[in-house]
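I opened this model to look up its charged pairs and its nonpolar surface. My notes are below.

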Amino acid sequence: MNLADMLSYADIHQLSRIAGTYNCECNGHSKNELIQSILSTVGRRDIFDSQIGALSTQDIRFLNSLLFDQRGSFSLEELVARAQQSRFEKEETDVAWNPRDTITRFKQLGWLFNGHSQQTKYLFQVPADLKRRFVTALTKRFEQQLDAAEEPPVYRDEQKLILDDIANFLLFLRDQEVMLTSDNAMYKRSLQQVLERLAVREEPVGKTAWRFGYGRMFREYPNRFSFIYDYCYYNDLVTEHHQVLALTEQGLARVNEGGKEDPVQVYRFWLRLYKGPVPHLQSIAQWLNRLCKGWVTFDSVKRTLVPLIRPFYYDTSDSILEQRIVQMMMHLGLLRIGEEERYGRVIQVTKLGSSIIEGTYVPDEENIVLPIDNR
């Protein structure tokens, strides 16, 4: 529902509080006058932009958690959890902070409403038309922080190479028996043979290297192949049985049919795998799609989006954006990354990436829960 619809269902006490927030001058005893005055005031671009401009970084994080969520309503518990997630550092000078205060302020601004039916009265909704205005306003605000760049002379654009390499990995398993260690990892010789067959080359992980990652076998395999391995494992294309890595019946059928994976499904899997440790991963991908239609400097993207990313254990907000998001989106064919003499590293969303990001949504409950490997 849009703002006008939600205002019509709100009681006069909530309307009065919203009208007071915007200093509306009207008959406070007339519901109709209150609604019309609120709509007129909120509809003014200068008023709306000033409200957006006054938001703290913490408020923007909370708002960001709602903007690209396609569900129509949220429980109070969900909103409280999102408000808590939007607070990255606990400041001693603000010990009285309460996440419910954020929700109350958003209600007083007319940005959150309780449902009007018996089934939804304890749920909260964001007006659909305001969601669109929020995205437009924040896009404009973020764009002002970006530095445009010229097309670099050289850039990496992997497009659908990850689909080829999933097929290459499955072909390798069809043609060779692969033994596993007691930790269910491939032996170094087998891993080296696999990596040599892939279109995008990676070096094996050094024995002395300390690694922190989100996948099942991240400690044993380099980043991109670790993701390929997880994709095949969780999609029942490979099996680890009695310390032997082999194709499942489904994996063998996929190889014999010569079929390729769907790039949308590979992207969906990445979201499911990574958005547990990176809760706002889906919205960051959406912002990258909106902000990087042309070439922009990575430093300016980092300056703009890092404040929205919560650190996770040993991963800083910077490393999450650079290694877990931008680098992986390049491997998935969603972004291209280049080097430009004047601007340094530059990035741009691909046409394939834009269509996939815009057309894909993964609900929170579809997360893949993985043990955190930080040995």
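These entries cover the salt bridges and then one surface patch.

**Ground rules.** I am working from a predicted model, where local features need pLDDT of at least 70, side-chain atom pairs count only at pLDDT 80 or more, and totals for chains, interfaces and linings use all residues. Residues are numbered from 1 along each chain as its sequence is written, and side-chain values use heavy atoms, with hydrogens and water left out.

**Entry 1: count.** I looked up the salt bridges, meaning a side-chain nitrogen of Lys or Arg within 4 Å of a carboxyl oxygen of Asp or Glu. The structure has 24 of them. Side chains of opposite charge can pair when their charged atoms come close.

**Entry 2: a pair within a helix.** I picked Arg-45 and Asp-49, whose side chains form a salt bridge at 3.6 Å, N to O. Why are Arg-45 and Asp-49 separated by about one helical turn? They are 4 residues apart in helix 4 (residues 45-53). Helices here are DSSP runs of H or I with at least four residues, strands are runs of E with at least two, and both are numbered from the N terminus. I then checked exposure: buried means under 20% relative accessible area, exposed over 50%, and partly exposed in between (1.4 Å probe, protein chains only). Arg-45 is exposed at 56%. Asp-49 is partly exposed at 34%.

**Entry 3: a pair across the chain.** Asp-147 and Arg-303 form a salt bridge, with their closest N and O atoms 3.4 Å apart. This pair joins distant parts of the chain, 156 residues apart. Asp-147 sits in the loop between helix 8 (128-143) and strand 4 (154-156), and Arg-303 is in helix 15 (residues 298-305). Asp-147 is partly exposed at 36% relative accessibility. Arg-303 is partly exposed too, at 46%.

**Entry 4: a buried partner.** Glu-158 and Arg-156 meet in a salt bridge at 2.4 Å, N to O. Is Glu-158 buried or exposed? Glu-158 is buried, because its relative accessible area is 4%. Arg-156 is partly exposed at 40%.

**Entry 5: a network.** I also noted a network of salt bridges that links Asp-69, Arg-71, Glu-78, Arg-82, Lys-275 and Asp-364.

**Entry 6: nonpolar surface.** Which residues make the nonpolar surface patch of about 450 Å²? They are Trp-210, Tyr-313 and Tyr-314. Patch residues have over 30% relative accessible area and no salt bridge; like charges are joined within 9 Å, and nonpolar side chains (Val, Leu, Ile, Met, Phe, Trp, Tyr) within 5 Å. Areas come from the Shrake-Rupley method with a 1.4 Å probe, and for residues only the protein chains shown count as cover. Trp-210 lies in the loop between helix 10 (188-197) and helix 11 (223-234). Trp-210 counts as exposed because its relative accessibility is 53%.
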